[in-house]
Amino acid sequence: MKATDDGGSVSYVAGNGLVVIGEGHDLGYVSYAGSAADASQGAITVSKARVFSDGSLEVSGCSTDQQGAVRAMLLESFSNKTVEFV
């Protein structure tokens, strides 16, 4: 995601305690996450940091069941960004 342009998006799938972001992952991981009864998939849109802002990550398509796992993974990897669910 760090290579994603400002305003750009990457896909994700979340489920079974796993969050897979972007392309190029082993299909086994993608299938495992997507096989959960409460799996979510959508896009994460990146707003890069500015002078008075650390930037944000806007997550679409995420069920309330998966928001905790997605937020935790994003904050662990991109701790200075705000995570918003739409």
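Q: What makes S1 and strand S2 (residues 18–21) a pair?
A: In this predicted model, S1 and S2 run antiparallel and share four bridges. Pairing requires at least two bridges. The four bridges meet that requirement, so the two strands count as paired.

Q: Which residue of S2 is the bridge partner of tyrosine 12?
A: Isoleucine 21 is the partner in S2.

Q: What lies between the strands in the hairpin of S1 and S2?
A: Two residues separate the strands. In this hairpin, asparagine 16 has a positive phi near 55 degrees.

Q: How do you know that S1 and strand S3 (residues 40–47) pair?
A: Six antiparallel bridges join S1 and S3. The rule asks for at least two, so this pair qualifies. Tyrosine 12 has glycine 42 as its bridge partner in S3.

Q: Why is strand S1 (residues 9–15) called largely enclosed by the rest of the structure?
A: Buried means under 20% relative accessible area. Five of the seven S1 residues are buried, so the strand is largely enclosed. Across the protein, buried residues make up 31% of the 86 residues.

Q: Why does the radius of gyration agree with a compact globule?
A: For 86 residues, a compact globule would have a value near 12 Å. The protein has 13 Å, so the two agree. Along the principal axes, the C-alpha atoms fill a box of roughly 40 × 25 × 20 Å.

Q: What is the order of the elements from the N terminus on?
A: The order is β-β-α-β-β-α-β. The protein has two helices and five strands.

How values were computed: Residues numbered from 1 in each chain as written. Predicted model: local features only at pLDDT ≥ 70, side-chain atom pairs only at ≥ 80, totals over all residues. Heavy atoms only, no water. Rg over C-alpha atoms; globule rule 2.2 N^0.38 Å. Buried < 20%, exposed > 50% of the residue type's maximum accessible area, 1.4 Å probe, protein only.
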